[in-house]
2 protein chains.
Amino acid sequence: MTESAQTASRQAQKERTRQLILDAALELSQTQGFAQISLRQVARHAGIVPTAFYRHFDSMDELGLALVEQSFSTLRRMIREAQRDPKVFDNIIDAAAQVLVETVKQSKAHFAFVARERVGGSEAVRRAIQHELDLFVSELAVVLARLPNIETWSSDDVQMVSRLFVRNMVSNAEEVVDMPDHRPDLEERIKEGARRQMRLIVIGFHDWKS
Amino acid sequence: MTESAQTASRQAQKERTRQLILDAALELSQTQGFAQISLRQVARHAGIVPTAFYRHFDSMDELGLALVEQSFSTLRRMIREAQRDPKVFDNIIDAAAQVLVETVKQSKAHFAFVARERVGGSEAVRRAIQHELDLFVSELAVVLARLPNIETWSSDDVQMVSRLFVRNMVSNAEEVVDMPDHRPDLEERIKEGARRQMRLIVIGFHDWKS
DNA sequence: TATTTGAGTGTACGCACGTTCACTCAACCG
DNA sequence: CGGTTGAGTGAACGTGCGTACACTCAAATA
């Protein structure tokens, strides 16, 4: 009998259930926000009994932290893939806007989770997200520092501009998350807005401190 | 006997209790977020019995909407006052950064409420806040449109730049809210960051579409 | 002054919650 | 193969919740 979950090593099965819990929590978060869903709701939605939850996470807070980790690793993977696309060298702004919207659309649930819990979540979850975003700002600053025009800036300035970009990325991601499905007009509008904002900032680069 | 709440017209007393409820909810929101506090917690903190809550609000959602209204009317009043300050004409950017930080510090609770519930709140509360912010963007756009350099822009461009400012205002307000009390160094840092961001955007203005 | 009104009380309800505990039974391992 | 391990079960608990209902008693009104 080649039943799906029938023949599975013990740890593989455990991993599968763990993922079911993560998926359930992510889906439930979309309508009500992670901070207001209950352990029992998650268990019910994952098809397990409430007590079984504890075999995988000590508390809802730990589940939240695991979701933060998963969300950011998804984001990093997507950015790494996007960087391999040759189009980004032609027009970095249009490419960035395109990648932003596409990436967020593709894993809406993760972005919605981060956007919401960044400010609305529990203390622990908020701190974890803030930490990841700070890391992100620093990573971007390294990339920016290598661009022409910027290589002479003070590292403080570069850090500031990096924060500006990440902040706008988060805001735009929020907009895409709130966007109803299948509305290419709205999507184009957000993309155009992101493009303009980036152009504005980049023009500011040019004359900065001159 | 000139007891405080002893002699009070009926509606004045009702108004006072209503305000006690609003204050209680606002204070409790600071630690846990409005979306996760209960009707009973609010009543307890306001010094009334849970059922008395219903004499003032039909539900926690209605209380949330009342808090949104109160928060934004506070904000508008402060901006109106700030506009009367002659210093804003000397250096609009430094003044804006100063006003932003001072205003947020002064009514931290209201800003914290808006910043959190904007994304983490219930559907109804989120929509109300988004609506108020949209109004704000439009109001600011009218002010901006009268500035030199900008009067020739398309209204779409002005709207975009207005969104950029409001978005950054929200982000900076978030930072001030998260700031621990009595840390003038951090405060100065945020102010300096806000100043730089605004300068960058303004420099962008200058060369826009040229 | 006699009557009405309505803000605030106190009890009681059914419900969902997080967590406990003793349990089953299949995969694992010596 | 026989004993051990541990993911998942199911019943039970105490707690806090939102809300209903009948109430009090002072201010408002006629």
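Colleague: What area is buried between chain A and chain B?

Modeller: This is a predicted model, in which local features need pLDDT of at least 70, side-chain atom pairs count only at pLDDT 80 or more, and totals for chains, interfaces and linings use all residues. Residues are numbered from 1 along each chain as its sequence is written, chains are lettered from A and ligands numbered from 1 in the order in which they are written, and side-chain values use heavy atoms, with hydrogens and water left out. Buried area is the accessible area (1.4 Å probe) that two parts lose on being put together, summed over both. Carbon and sulfur atoms give 49% of the area between chain A and chain B, which in total is about 3100 Å².

Colleague: Which three residues supply 23% of the area that chain A buries against chain B?

Modeller: Contact here means heavy atoms within 4.5 Å, and 31 residues of chain A are in contact with 31 residues of chain B. The three that supply 23% of chain A's buried area, more than any other three residues, are A:Arg167, A:Arg196 and A:Leu200.

Colleague: Which residues come closest to DNA strand C?

Modeller: A residue is near a strand if one of its heavy atoms lies within 4 Å of it. DNA strand C is surrounded by 21 residues, and the closest are A:Arg40, A:Arg44, A:Tyr54, B:Arg10 and B:Thr17.

Colleague: How much of the DNA strand C side of this surface is sugar and phosphate, and which protein side chain lies 2.5 Å from a phosphate oxygen?

Modeller: Of the atoms of DNA strand C within 4 Å of the protein, sugar and phosphate account for 44%. A polar contact is a pair of N or O atoms within 3.5 Å; within protein, one must be able to donate a hydrogen and the other to accept it, and residues adjacent in sequence count only if both atoms are side-chain atoms. A polar side-chain atom of A:Ser38 lies 2.7 Å from a phosphate oxygen of DNA strand C.

Colleague: Which base atom of DNA strand D is 2.3 Å from the side chain of B:Arg40?

Modeller: The residues nearest DNA strand D, out of 20 around it, are A:Arg10, A:Thr17, B:Arg40, B:Arg44 and B:Tyr54. B:Tyr54 has a polar side-chain atom 2.4 Å from a phosphate oxygen of DNA strand D. For B:Arg40, an N or O atom of the side chain is 2.3 Å from a base nitrogen.

Colleague: Is A:Thr17 buried or exposed?

Modeller: A:Thr17 belongs to helix H1 (residues 10-32) of chain A, a helix being a DSSP run (H or I, at least four residues) numbered from the N terminus. A:Thr17 touches A:Ile48 and A:His56, not counting residues up to four places away in sequence. Buried means under 20% relative accessible area, exposed over 50%, and partly exposed in between (1.4 Å probe, protein chains only). With a relative accessible area of 13%, A:Thr17 is therefore buried.

Colleague: What do the end C-alpha atoms of helix H6 of chain A span?

Modeller: In helix H6 (residues 108-120) of chain A, 13 of the 13 residues are buried, so H6(A) is largely enclosed by the rest of the structure. The expected span of a helix is 1.5 Å times one less than its number of residues. For these 13 residues that gives 18 Å, which agrees with the distance between the end C-alpha atoms, 18 Å.

Technical notes:
Helices (H or I, at least four residues) and strands (E, at least two) are DSSP runs, numbered from the N terminus.
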